[in-house]
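Visitor: I have a protein open here and would like to go through it with you. Could we start?
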Amino acid sequence: MKYISLIICTYNRTNSLERLINSVHNQSRKFDEIIVVDGSDLDCQHENLKLIGRFPEIFYHHVGFKQRGLTNQRNFGLNQINQHCTHVTFLDDDLVLDEEFCRNIDISFDIDLSAIGISGVDLVENRYTPHDPSMVYGSGRFFLFNQWVTVEPFRYRLRNWLEIS
């Protein structure tokens, strides 16, 4: 039985954190444990505490100046996880999850039992749109990823043109 812990690291972004937590709360398969590691300044910390107070299932930890930073906060979060945890997911505080995210993580580890990590792509930030089968996408100009498409950034098109791997 998988026990999936979620670690969210945040710093001075209460609005982003709220959007993420709402999307985590709406998952079809719930995370077994949710840990928020907050490196925010005092004013933002108070706002985050009010937000987290609405979600009693979330374990909240505020870290001081010396423990701030994504790597330090992730390591702090790892030290807080439940002893029954079998899988850990790290999320940035500015994401909004599809309601099937946790279920898909769960399924992915069943598909490949040797997998030790799973990553993903931020479809919004990378400006992906659904693939339109009726449209012809020029080779070298677009990138297709699991039925999603985006315009290749110029640096990648240039690398392809110069045949630099």
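Visitor: Which residue does Arg-54 meet in a salt bridge?
Guide: The side chain of Arg-54 meets that of Glu-18 in a salt bridge, at 3.1 Å from N to O. A salt bridge here is a side-chain nitrogen of Lys or Arg within 4 Å of a carboxyl oxygen of Asp or Glu. Please note that this is a predicted model, in which local features need pLDDT of at least 70 and side-chain atom pairs count only at pLDDT 80 or more, while totals for chains, interfaces and linings use all residues. Residues are numbered from 1 along each chain as its sequence is written, and side-chain values use heavy atoms, with hydrogens and water left out.

Visitor: Where do Arg-54 and Glu-18 lie in the chain?
Guide: Arg-54 is in the loop between helix H2 (42-52) and strand S3 (58-62), whereas Glu-18 is in helix H1. The pair links distant parts of the chain, 36 residues apart. Helices (H or I, at least four residues) and strands (E, at least two) are DSSP runs, numbered from the N terminus.

Visitor: How many salt bridges does the structure hold?
Guide: The structure holds 11 salt bridges. One of them joins the side chains of Lys-2 and Asp-106, at 2.6 Å from N to O. Lys-2 lies in the segment before strand S1 (4-10) and Asp-106 in helix H4 (residues 101-111), so this pair ties together parts that are 104 residues apart in sequence. Both Lys-2 and Asp-106 are buried.

Visitor: What about Arg-13, which residue does its side chain meet?
Guide: Arg-13 meets Asp-93 in a salt bridge of 2.4 Å, N to O. Arg-13 is in the loop between S1 and helix H1 (14-25), and Asp-93 is in the loop between strand S4 (87-92) and H4, 80 residues apart. Arg-13 counts as partly exposed at 36% relative accessibility, while Asp-93 counts as buried at 2%.

Visitor: Let us change topic. How many disulfides are there?
Guide: The count comes to 0 disulfides, where a disulfide is a pair of cysteine sulfur atoms within 2.5 Å. Cys-9 is in no disulfide, and the nearest cysteine sulfur, that of Cys-85, is 14 Å away. Cys-44 is in no disulfide either; its nearest cysteine sulfur, that of Cys-9, is 14 Å away.

Visitor: Is Cys-9 buried or exposed?
Guide: Cys-9 counts as buried, at 7% relative accessibility. Cys-44 is also buried, with a relative accessible area of 13%.

Visitor: Now the rings. How many aromatic pairs are there?
Guide: The structure holds 1 aromatic pair. The ring centres of Tyr-137 and Phe-142 are 5.2 Å apart and the planes stand at 65 degrees, so the pair is edge-to-face. Rings of Phe, Tyr and Trp (its six-membered ring) pair if their centres lie within 6.5 Å; planes under 30 degrees apart count as stacked, over 60 as edge-to-face and the rest as tilted.

Visitor: What sits over the ring of Phe-142?
Guide: The charged end of Arg-141 sits over that ring, 5.7 Å from its centre. The rule asks for NZ of Lys or CZ of Arg within 6 Å of the ring centre and within 35 degrees of the ring normal. Phe-142 itself counts as partly exposed, at 25% relative accessibility.

Visitor: And Trp-161, where is that?
Guide: Trp-161 lies in helix H5 (residues 154-161). Trp-161 is exposed, with a relative accessible area of 67%.

Visitor: Finally, how many helices and strands are in the protein?
Guide: There are 5 helices and 7 strands. Along the sequence they follow the pattern β-α-β-α-β-α-β-α-β-β-β-α. Of the 165 residues, 33% count as buried, and the C-alpha atoms fill a box of roughly 50 × 40 × 30 Å, taken along the principal axes.

Methods:
Buried < 20%, exposed > 50% of the residue type's maximum accessible area, 1.4 Å probe, protein only.
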